[in-house]
Amino acid sequence: MKYISFIDQLGLDIESLSNIDSNGIIKLQKQLKAKAMLGDANNLGEVAHLIEKLKDDTTRQSYVFIEKHDWLKQLISGNHKAIKQAEIEVDTSLITNEEDLKYFLAPFLKDNLKVFLSDTLNKGKYVLLLKVLDHNYLFSEENNQLVINFLKARLNYAAVYLREKRLNDKEHPVAFITNKVFINCLNQYPDNFNQEIQELNSEVIDIYNSKRRNVDNQQFRFAAKAMVAFSVLETSNFFLAETLKSNANIAREYTYPSRSSRKTGSGFGGWSAFVIIMIVIRIIFWVSKDSKKSNYDYINGSNYSSQPIYNDAFQRKLDSLRTLHSVDDILNVEETVIESTESTETEPNYDRFKLADHTKFIYTLKRKVERKNVDKDGYIKPLDPFSNPYPKTFTVIPHKTEDIDNSLVKITNRTKEDLIVFRLTNGIDQSLYIPKNQSTFAKISDQDSLVFYTGRHFVSTKFSHFIEDTDLSNMLVVNKENDIPNSEISIYPFKDKISKVNSSSSNKILIDTTRVEQIKAKNLNLKPLSINKLYTDYYNRKYRR
């Protein structure tokens, strides 16, 4: 399905389209009949149907949005070859309802995205691809999954290509894995490609080690470039991230032509990858020798030069070993960037540690909830009522059983599930567990950001979480006047929101079901913010400076 432009078909301008009324629609219909009499178009029936839909405000606003973004118009019109890289940007002020816009775009993108992805990747236009995927918040869940599946297929193809030693013939079909911009395309969908990258990295390491005695070898240099590119992968898997970065440091010197490139790989640089891998293997055997079964497996078990893939249980053992040798005894539970802070007023006798930014943690938690992705290898950890469920990286939200001076906010859990409240502030980010059907009085200030996480059976793992009946709210910004007493927030069971949108090109109705929070606030306002959008901004600030 290709987008049909009223401006191109009927000579309408954007201003007229924005303000068209019933009289304007009638005028367009007459204009269309005149074209039909002249035999001036072959899709008049379809255009007539679309003109009728301009009576709907949402549909009309969606058309205006597209017409003001040439690159998007070209993409959904099947004319992606005309897209100019420098013009790919979005005027968010034109988005009145993001969900409505996504549904409007969905059928057009579904039929044109895959062709765009394939053609752009084949031609090595990685920056163009990245700039389009940077705006994937305009894509429906189905279309985002289409992109993920396409990229996974290409990564799997590359792994097979290397395994079958087809790199001897030509590099071009898999050259994309050596490009950092392409890897940044994967980062638009964090943690979706960990397994594929692990398998591909294993094949790359095999090539690197087999060719290391001749660093001028083209395949050796290809492998080195791929290892360096993989280091920019954004993943919450700490061990994978550290492995990729370590490999990149080893291989980086071989990605540039220099005098040193004529030396053999028999020195430290040539053997270092092999030595490091052997050390890791020794650690594996040491940690797991008392276990009745192996906690790890190899992609190629007979070849010790391959990178191992570790399951979650083994990663936790490595984490505990790493903690034993840490000066500050800090365990990387939720993320990897940790800094010490002052102790809180409610727990003055303990040191506290926090993440530099919890945006990534909240986003990863959101993705777990959406995909029902749980780690049942951990143990179910009974939580004490009104305790801090994440003591390593959050502090507890200050709270009391009663509000004597009317300075606190009463938070009531009516969700029929356990509730964790996240309070994200300019100072120390905090969390608090509230059992079902209970309430407490918590310190909540103006402009705090709150996230409500519900579920059952809290499991303690590298990324602790509920494993059943999970839901996560939007991020909600508090607007509260401090002198107004008796403020309350009541969290009710989440419910399904069924959205129905008329297709822009047929009589079909598009239906989508999403989970939405049910929260009632008294004497304060809660403004919802998109966690997806916040993570996109966080990622851009952190990695694209």
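**Burial and overall make-up**

I started with burial: in this predicted model, buried residues account for 50% of the 545 residues. I then looked up the accessible surface, which comes to about 26900 Å², with 48% of that belonging to carbon and sulfur atoms. I noted 17 helices and 17 strands. For contacts between residues at least 6 apart in sequence, I found that 72% join residues at least 24 apart.

**Helix α5**

How many residues of α5 are buried? I get eight of the 11 in residues 57-67, so I wrote the helix down as mostly covered, with buried meaning under 20% relative accessible area.

**Negative patch**

Next I went for surface charge. Asp70, Glu87, Glu89 and Asp91 gather in a patch of negative charge. I checked Glu87 from this group: it sits in the loop between α6 (70-76) and α7 (98-122), and it is partly exposed at 36% relative accessible area.

**Salt bridges**

My search of the whole structure gave 15 salt bridges.

Glu370 bridges to Lys366, with the closest N and O atoms 2.3 Å apart. Both are in helix α16 (residues 359-371), four residues apart, about one turn of the helix. Buried or exposed, I asked of Lys366? Lys366 is buried at 14%, while Glu370 is partly exposed at 40%.

Asp448 pairs with Arg423, closest N and O atoms 2.6 Å apart. This one links distant parts of the chain, 25 residues apart: Asp448 is in the loop between β11 (439-442) and β12 (449-460), and Arg423 is in strand β9 (residues 418-424). Asp448 is buried, with a relative accessible area of 5%, and Arg423 also counts as buried, at 7%.

Asp469 and Arg456 meet at 3.4 Å, N to O. I placed Asp469 in strand β13 (residues 465-472) and Arg456 in strand β12, 13 residues apart. Asp469 is partly exposed at 41%; Arg456 is partly exposed at 36%. I also noted a network: salt bridges that share partners join Lys366, Arg367 and Glu370.

**Tyr379**

Last, I looked at Tyr379, in strand β5 (residues 379-380). Which residues does Tyr379 touch, not counting those up to four places away in sequence? I found Phe458, Val459 and Ser460. Thr461 is 82 residues from Tyr379 in sequence, but their C-alpha atoms are 7.4 Å apart in space. With these contacts noted, I still list Tyr379 as exposed, at 53% relative accessible area.

Notes. Residues are numbered from 1 along each chain as its sequence is written. This is a predicted model: local features need pLDDT of at least 70, side-chain atom pairs count only at pLDDT 80 or more; totals for chains, interfaces and linings use all residues. Side-chain values use heavy atoms; hydrogens and water are left out. Patches are made of residues with over 30% relative accessible area and no salt bridge: like charges are joined within 9 Å, nonpolar side chains (Val, Leu, Ile, Met, Phe, Trp, Tyr) within 5 Å. Accessible areas come from the Shrake-Rupley method with a 1.4 Å probe; for residues, only the protein chains shown count as cover. A salt bridge is a side-chain nitrogen of Lys or Arg within 4 Å of a carboxyl oxygen of Asp or Glu. Lys and Arg count as positive and Asp and Glu as negative; His and the chain ends are not counted. The place of a charge is taken as NZ of Lys, CZ of Arg, CG of Asp or CD of Glu. Helices (H or I, at least four residues) and strands (E, at least two) are DSSP runs, numbered from the N terminus. Buried means under 20% relative accessible area, exposed over 50%, partly exposed in between (1.4 Å probe, protein chains only). Contact means heavy atoms within 4.5 Å.
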